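Me: I'd like a close look at one part of this structure, taken slowly. Here it is.

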Amino acid sequence: MRKLIASTMLSLDGIMQAPGGPEEDPSGGFAFGGWTFPHFDESMGDNMHGLDAKDRELLLGRRTYEIFEAYWPYQSDDNPIAKTFNATRKHVVSRSLTQDKLQWANSTLLPDDIVAAITALKAQPGKDLQIIGSGNLIQTLQGAGLIDEYNTFTFPVVLGRGKRLFEAGAKPGGLKLVGSETSKTGVVMSTYVPAGEVVVGSFAEEVPSGREIERRNKWGREAG
């Protein structure tokens, strides 16, 4: 079975909206489009394996597909990412687009039952599947337990508002860090794989103090 890999650029507070430019996605009044630009350097260029789709097929939500379709086909063939993106297969998830509206070469619309469609796609022989951006799609697939790996590029900036990688309602689960590197500009490039359920413990004393018991009771009343 081939892997499903989710790759995204994030602010320190988990925002993934419009990393590439001011006009990329201003929905919701987002005012910081292009927030990744000042932090790119040669060390990041050497570690783009999580975002360049090399030897992978793309899996894209509707918004990310439309952004990519309006940009990558118009870039020079000298651009290695454009060359890879334009040539590889693109699997598109959308309830508003139809197959005839997919103008980007090698693009195919998936059936409406997304979980079933992507489960079947993973079971087919072929290259691993790469999600880039596509936050709504990631929410659905994370909840269904279909994502096998996360490539995160965490930038040293706090944005305060915008679309997040994991919104409220994300399925709880543990992750294992299997690789990490930091760029000269402070971007932390990490790879995680799912690691089962969340494991909890306690640093509390076995016999709590009277004051601690009072605090727990007080907070319990406030929560109720």
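How does the lining of the second largest pocket divide by class: how many residues are nonpolar, polar and charged?

Reply: Bear in mind that this is a predicted model. The lining of the second largest pocket has nine nonpolar residues, five polar ones and two charged ones. That pocket holds about 300 Å³ of space, and 16 residues line it. Closest to its centre are Gln 142, Pro 172, Gly 173, Gly 174 and Pro 194.

Now for the strands that share some of this numbering. Pro 194 falls within strand β8, residues 188-194. β8 pairs antiparallel with strand β6 (residues 149-155) through five bridges, and Thr 154 has Val 188 of β8 as its bridge partner. β8 also pairs with strand β7 (residues 175-182), again in the antiparallel sense, over seven bridges.

The largest pocket has a volume of about 1300 Å³ and a lining of 44 residues. Nearest its centre lie Glu 24, Thr 64, Phe 68, Ile 132 and Gly 133. The biggest contribution to this lining comes from α2, with six residues. By class, the lining of the largest pocket splits into 18 nonpolar, 17 polar and nine charged residues.

Definitions and conventions. Residues are numbered from 1 along each chain as its sequence is written. This is a predicted model: local features need pLDDT of at least 70, side-chain atom pairs count only at pLDDT 80 or more; totals for chains, interfaces and linings use all residues. Side-chain values use heavy atoms; hydrogens and water are left out. On a 1 Å grid over the protein atoms alone, a cavity is a set of points where a 1.4 Å probe fits but cannot get out, and a pocket is an open set with protein on both sides within 12 Å along at least five of seven lines; lining residues have an atom within 4 Å of a point. Grid points are joined across faces, edges and corners, and a volume is the space filled by probe spheres set on the points. Helices (H or I, at least four residues) and strands (E, at least two) are DSSP runs, numbered from the N terminus. Ala, Val, Leu, Ile, Met, Phe, Trp, Tyr, Cys and Pro count as nonpolar, Asp, Glu, Lys and Arg as charged, and the others, Gly among them, as polar. Two strands pair if DSSP finds at least two bridges between them.
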